[in-house]
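Welcome! Take a moment to look over the structure below, and then let us walk through it together.

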Number of protein chains: 2
Amino acid sequence: MNRVLSLPAEIPEIAGETSSTLKAFGVLEVLVRAGRAVTLSELMQATDLPKPTLHRTLTLFEEAGFLAREPGGRAFIIGERLSRFALDVLRSDAAAAQRRTILRALVSEITETCNLAVLKKGTLVYLDRVEAPWPLRLHMAEGGGGLPPHCCASGKLLLAHLPPPERQGLLGLLPLERFTERTITDRAVLESELDRIVSVGYAVDNEEYVLGVACVAVPVRSRDGDVIASLAVQGATARLPLMRAIEFIPRLRAAAAEIGSTFG
Amino acid sequence: MNRVLSLPAEIPEIAGETSSTLKAFGVLEVLVRAGRAVTLSELMQATDLPKPTLHRTLTLFEEAGFLAREPGGRAFIIGERLSRFALDVLRSDAAAAQRRTILRALVSEITETCNLAVLKKGTLVYLDRVEAPWPLRLHMAEGGGGLPPHCCASGKLLLAHLPPPERQGLLGLLPLERFTERTITDRAVLESELDRIVSVGYAVDNEEYVLGVACVAVPVRSRDGDVIASLAVQGATARLPLMRAIEFIPRLRAAAAEIGSTFG
DNA sequence: GCCCGCCGTTCCGTTAAACGAAACGCATGG
DNA sequence: CCATGCGTTTCGTTTAACGGAACGGCGGGC
């Protein structure tokens, strides 16, 4: 009974977390992913948390009904309350489900990877992303931070549609780091590019972030017409030269309109 | 926009809780049960927690990926990480042991493969599955993604019992990909099929996904009558022609009732 | 335009909860 | 009988959570 519990890589370093709440949540994630009753010492190995801390956390959850003890044992299992909580979470996912479905339909039609992104704290983050069934995939560094907005189609699109004051503010602060020889690193050039984007209604990234990768992005608008997100198609230029990507724009716009209607 | 958020009675007095972690969980429970984007001030009413405490808690969860902001707004919605967590919980639940026992009993009685499934993000995913001891087994692509809901009995059953707005939303968006000559690919046909499913109380899949495989699914209901999952029997038509599968419905219903009572 | 009120956000001095090394209890088994 | 491994409890220290108060931005009313 000396089984080792592996800590999935996606769960970020629990012991390094300062907040007791997030630590506790991390413990639950590990426990839940084990798929079986888990003992305190197994969790010690998996989380690197000190024994008393774990014990306190676990018994707290036990008393609150989120966890329970394995009948006849000391190991912890999922409690009634956590089970119900999880069900409620999945139930209220409905809106996200709709969006994902729209994305999937779009991807299966044009067979290229598409994503839905928003600007968060000055960087671009994905809300959702559906990969096309091609072997050559690129993995944008997701996870914690986002992508620099000045060199991808979605980022430029969202920058372009910011209210003028924020747009100016961000423009003055963005590092405009260079990634390829096509990356726009000049503030004035970027600004006129943004103006152009607003007038034509879409944005392109012609290998400005990664060589050999092109993107086209169109705005997703809320019911009252505000641009709230960006819908983009991306692909290797070998398969998806920019000209071909641009032909997808009408289809992208249709999907963007559908997605827009799922918000608010 | 002066909606009031009701605090379900089962969530015990969040403000009186001493542990910050349990307070945080209580907030999540309220948020998740609202079933829509929720603002800070709504949560203030519902939880009686002071504004800064709530703000701290919510932004903490946001930074950790458990929550996200409604695009274009300030309200909070369920984040990617929480969604995944919920799925993991339901997969390895304590009551899961109980459910698995019920499933096993069912399978050993009718000697055909049975499964328990829910709808997540517009696709069908298995909570549990017990194989019958026959050599001819089919392995549905488990793992990451799920099954298309329009062509399997469980999927159609769960679609049929969605609240009308979500049902319409999904129906309009599902690709309705064809897998066999019996797959329903026409929206109107599918819709009337769903209506029929609601009225007769079960769904069938007559080789609509895989040739030679038939399924029958019945709803699993929570204590208050909501359809929360689907219990289905599946098998090769050589052994399990649809007519025989339909004869199992009373037995399936009995098991579904037992399983339903293991949820909250 | 101007003010007012609402809401989200930030500040900061206070307080109490979280922390974890160490010790304890209690099995098991060598 | 002691050695070992695990769960549990203790307690002095530390640090994160707390929340009243003030701030700032937005929108509605006048």
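A salt bridge is a side-chain nitrogen of Lys or Arg within 4 Å of a carboxyl oxygen of Asp or Glu. Keep that in mind as we start with the two protein chains. This is a predicted model, in which local features need pLDDT of at least 70 and side-chain atom pairs count only at pLDDT 80 or more, while totals for chains, interfaces and linings use all residues. Residues are numbered from 1 along each chain as its sequence is written, chains are lettered from A and ligands numbered from 1 in the order in which they are written, and side-chain values use heavy atoms, leaving out hydrogens and water.

**Where the chains meet**

The rule finds four salt bridges across the interface of chain B and chain A. In one salt bridge, the side chain of D88(A) meets that of R33(B) at 2.9 Å, N to O. Helices here are DSSP runs of H or I with at least four residues, strands are runs of E with at least two, and both are numbered from the N terminus. On the side of chain B that touches chain A, α1 (20–34), α3, α4 (80–91), α5 (94–110) and α7 (164–173) of chain B each supply at least two residues. The largest share, eleven residues, comes from α4(B).

How many residues of chain B are in contact with chain A? There are 55, and they touch 51 residues of chain A; contact means heavy atoms within 4.5 Å. The two chains bury about 4700 Å² between them, with 68% of it on carbon and sulfur atoms. Buried area is the accessible area (1.4 Å probe) that two parts lose on being put together, summed over both.

**Around the DNA**

A residue is near a strand if one of its heavy atoms lies within 4 Å of it. By this rule, 17 residues surround DNA strand C, and K23(A), T53(A), R56(A), S41(B) and H55(B) are the closest. Of the DNA strand C atoms within 4 Å of the protein, 64% belong to sugar or phosphate and the rest to bases. Here are some N or O distances to that strand:

| Protein atom (N or O) | Atom of DNA strand C | Distance |
|---|---|---|
| S41(B), backbone | phosphate oxygen | 3.0 Å |
| K51(B), side chain | base oxygen | 3.2 Å |
| R69(B), side chain | phosphate oxygen | 3.3 Å |

**A hairpin in chain A**

Strands pair if DSSP finds at least two bridges between them. Four bridges join β5 (residues 203–206) to β6 (residues 213–221) in chain A, and these strands run antiparallel. N206(A) stands opposite A214(A) in β6(A). Six residues lie between the two strands of this hairpin, and E207(A) in the turn has a positive phi of about 60 degrees.

Key:
A polar contact is a pair of N or O atoms within 3.5 Å; within protein, one must be able to donate a hydrogen and the other to accept it, and residues adjacent in sequence count only if both atoms are side-chain atoms.
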